[in-house]
Amino acid sequence: MNNAQRVTDTNTDTNESKPIQTDNVIQLTSAPLLSAENISMLYAPGKGFDDVSLTLYPGEVLAIVGESGSGKTTLLKSLSGRVAPQQGSVNFQQTPFEMTNLYEMSEAQRRGVMREHFGIVHQHPMDGLRARVSAGGNIGERLMEVGARHYGDIREQAKTWLTAVEIDVSRIDDMPLTFSGGMQQRLQIARNLVTHPKLVFMDEPTGGLDVSVQARLLDLIRNLVRELQLAVVIVTHDLAVARLLADRIMVMKQGKVVESGLTDRVLDDPRHAYTQLLVSSVLQQ
Ligand SMILES: Nc1ncnc2c1ncn2[C@@H]1O[C@H](COP(=O)(O)OP(=O)(O)O)[C@@H](O)[C@H]1O
Ligand SMILES: [Mg+2]
């Protein structure tokens, strides 16, 4: 977190029937990077998400947690420009101190914002990689999308990024389908970070991997997030992932935010009954 000065409101009310708002974090040093105001996207009653608001500051990591089907992926898609919400607005700080509504700009402009400023890490790495393009090509392609043309430079950057995500440079011309799941996920991360996005959206990035591979990948993500001062919205059903990576947590249940706040506060002193259940079921595992 690169915002040094924060004042948090220590809300001590407990009311299990209402969402508990503990997001009264006053930022003194910067303007929000992303904000959502009362957004809803319901495919059917209870399927999707309903009336969600949030604010994300530069360099901040927000985890969205909740059980399967609670609307996390749908919410992430709306926050990242891929699914227009039925109500409310998603705003991004495209130029300093100016928030632009992602869904009021043209499709081409929105794609431009996504290309220039966003990274999107899918749960299944092959959803975010091109199967018929080499590892180096997968990284290089992203650079070319934002204007890089010099073959030698592109290849050098691809090598640098393969190294950064702990893939042996000798694999640069290999196809991603010849990689293990963990390597594919690291390649997907390299493909996303090579263009230096400000904001990265991750959907269960360690979800499909073996536990030992998960731990290493999490460590890598944590280091990259710190070094690059990335702002991240990460969806996970794993509270340990949230604990390790996130500054703040938002808990979703059946499409509604039931609790949000600083990570340690939410996990050590959960106030909503549902969060208490999530935390205690982890302890029992
Ligand atoms: N494109 C879609 N069309 C219809 N229903 C959908 C669609 N995407 C998701 N849903 C439904 O919305 C609910 C929330 O899904 P999702 O956002 O994927 O939840 P999560 O990521 O928390 O598991 C689920 O009941 C799911 O079946
Ligand atoms: Mg999901």
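## Shell around ligand 1

Strand E5 (47-56) and helix H1 (72-79) each contribute at least two residues to the shell around ligand 1, helices being DSSP runs of H or I with at least four residues and strands runs of E with at least two, numbered from the N terminus. This is a predicted model, in which local features need pLDDT of at least 70, side-chain atom pairs count only at pLDDT 80 or more, and totals for chains, interfaces and linings use all residues. Residues are numbered from 1 along each chain as its sequence is written, while chains are lettered from A and ligands numbered from 1 in the order in which they are written.

With 3 residues, H1 gives the most to this shell. Among the residues around ligand 1 are Tyr 43, Lys 47, Gly 48, Lys 72, Thr 73 and Thr 74, each with its C-beta atom, placed from the backbone, within 6 Å of the ligand.

## Nonpolar core

Ala 63 and Ile 64 have the most contacts inside the largest nonpolar core, which has 67 residues. Such a core is a set of buried Ala, Val, Leu, Ile, Met, Phe, Trp, Tyr and Cys residues joined through C-beta atoms within 7 Å, where buried means that 20 or more other C-beta atoms lie within 10 Å of the residue's own. Beyond its neighbours within four places in sequence, Ile 64 is in contact (C-beta atoms within 7 Å) with Lys 72, Leu 75, Leu 76, Val 233, Val 235, Met 250 and Met 252.

## Confidence

The mean pLDDT, the predictor's confidence in each residue from 0 to 100, is 90 for the chain, and 89% of the residues reach 70 or more. Over residues 1-28, however, the pLDDT is below 50.

Technical notes: Buried ≥ 20, exposed ≤ 12 C-beta atoms within 10 Å, placed from the backbone. Contact = placed C-beta atoms within 7 Å.
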